[in-house]
Amino acid sequence: MTAPRPLRRLSPLAVGVTLVLLLGALLVGLLVGAVGLSPGAVLSEVADRLPFVSVDSGLSEQEAAIVWDLRLPRVVLAALVGATLAAAGAAYQGVFRNPLADPYLLGVAAGAGLGATIGIVTLGSASAVVPAAAFGGALVAVALTYALGGAAGGRSGTTLVLAGVAVAAFFTAAQTFVQQRHADTVREVYSWILGRLSTVGWSEVALLAPYAGVSLLVLLLHRRLLDVMAVGEEEAETLGVSVSRVRLVVVAAATLGTAAAVAVSGLVGFVGIVVPHAVRLMVGSSYRVILPLSVLGGAAFLVLADLGARTLAAPSEVPLGVITAFVGAPFFAVVLRSARRGWGP
Amino acid sequence: MNRARTPPIVALVLILSVLAAACGGEGDAGTTTAAPSAGFPVEVAGTVIPAAPKRIVSASASHTEILYALGAGEWIVATDEFSNSPPAAEATPKLDAFNLGVESVAAFAPDLVVLSYDPGDLRDGLAALGIPTLLFAPPLTLEDAYGQMRALGAAVGLEPEAAALVAGIEEEVARLIAAVPARDTAFTYYYELDPTLYSLTSSTFVGGLFGLLGMESIADAADAAGTGYPQLSAEFVLAADPDFVFLADTICCGQSAATVAERPGWASLEAVAEGRVVPLDDDLASRWGPRLVDLLAAVAGAIAAPGGG
């Protein structure tokens, strides 16, 4: 291996830097938006909501609503979605030993897309059922991928990935068909597919938080086993690791988190690839380091990306997926160029 | 056009079109011996209509409504799936407005096709088959809409009816405008096209109707790209705190005053607190036929309502 000596332990410096980055992103995300509000007023408005604190922020009722009902939940949700997608991406890359794996590898995106499209055409995009439909569709697609991979006699990750390709193609075709039959809802489906946090509030945060919490916890607990699996499936078996069991648990946790994230934010691409690889390039290839830093880095990345989505064309919005891909695609080229350093055969 | 730069595929299409036209011409020569109708042939918007149309395909909901209002409804043989008014239009055979093919239209053997959108070479393709086709772009002003009504009247041989229709609408519009109480400052409004906060500015057709009633769109300040239909952020809408919220997504997307009030932060809006969230009929709000009067009346009614003073 010609990669730089992989860091085995989390260095306080790396954690500190990422944490500061995340807190900075959260703060900027809260202070900056389509409407110019004075930073002091925004902070005192938030402080006012804390227990035992009473500060007059001087904001009008509408401006207070902007801070408390729009910006804060949005920033929190962006952090949760970013953390979940980045961790899921890192986990998928580890469990499939494939640098190009992303959280949507096994059909989550296609399944959620079909579920959301059916929800939107039958009940309208504002219905509370749409996230549930996306969530359900994502889980069904991944379950189908697993069943298909198993039926093909697949004990290897490659069979699963191929099954995922087939399932994703099928679900995407079905989604396109349904969407085409209901041309009047094209714009809503499209805006969902491009990813958005523009209409979210605290209810979405409450919806995602439990799934994201469980998913992140399980993935973080498996970070050592991912390191073992990185040496190869057969080698891991000889070391006493049940590869298929670990894979099932990790994929289930990553899928649960991803499906919930997709359900509230639509399809936000590239976070799951960009962030783990950035961490890998900067601090080494041990999952004991990559996973925790991806959680923090993913949160910071998406908060900043959403800030761009909100402000670049203010008072209009740029789809979040456009921003992440715009940053993600060039970054991806760099990763590809340096892939031969870190990723062996 | 510079001939040397014509791509081969375009040339091929042109050749085939000419051949098709030639074939069509031959076939017609033997069969059409109908007596020439009074006033025809007539040229409308650059399209020559040889005889009074008796088999019309209307792939535009607005123009379907205009045709029925003129009394040409019985000549309509097919419409697009959005043509749902008047009720008789719903019973006609339906075309897919977004995937119109030359063949699927020609299969109805129309002698006039009316479009408000050309997915590609539909108009040229139909012209090549010798089928007169009118393409009316969505109007920007009331005058444009009147012009389309008059043009359509001329195309179907009902010019006097079209003049009467326009005069009737003008009268109603003038009456509605006159009934609006004078104000020092214009009412502001947020007009919602869908729940992702697409809106429209005062310089669009519908925005122009609101302007006649002395209202200003909050989206005017957000349309840097000049499309007339910017997407707003929730922050922007809350900060603008418009006097009225008009929902043109009640049918498509199930929006109502109740769903708006439930959105994060929207309860703080004056319009929500004062009951000035006005649901509109999506169809009315996206068409420029005779029912534009109904849209204007709905808006004028909202202003005159107790909450709107």
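**The second largest cavity**

Student: How many cavities of 30 Å³ or more turn up in a search of the whole structure?
Tutor: This is a predicted model, where local features need pLDDT of at least 70, side-chain atom pairs need 80 or more, and totals for chains, interfaces and linings use all residues. Residues count from 1 along each chain as written, chains are lettered from A and ligands numbered from 1 in written order, and side-chain values use heavy atoms, without hydrogens or water. Searching the whole structure for cavities of 30 Å³ or more gives two.

Student: How much space lies in the second largest cavity?
Tutor: Volume here is the space filled by probe spheres set on the joined grid points. For the second largest cavity, that comes to about 90 Å³.

Student: Which element gives the largest share of its lining?
Tutor: Lining residues have an atom within 4 Å of a point, and here they include A:Leu70, A:Arg71 and A:Arg74, plus B:Ser233, B:Ala234 and B:Glu235. Two elements give two or more residues each: helix H3 (61-95) of chain A and helix H9 (234-240) of chain B (helices are DSSP H or I runs of at least four residues). The largest share, three residues, comes from H3(A).

Student: How many charged residues does that lining have?
Tutor: Charged covers Asp, Glu, Lys and Arg, and the lining includes A:Arg310, A:Glu317 and B:Glu235. Next to five nonpolar and two polar residues, the charged count is five.

Conventions. 1 Å grid on protein atoms, 1.4 Å probe; cavity = no way out; pocket = protein on both sides within 12 Å on 5 of 7 lines; lining within 4 Å.
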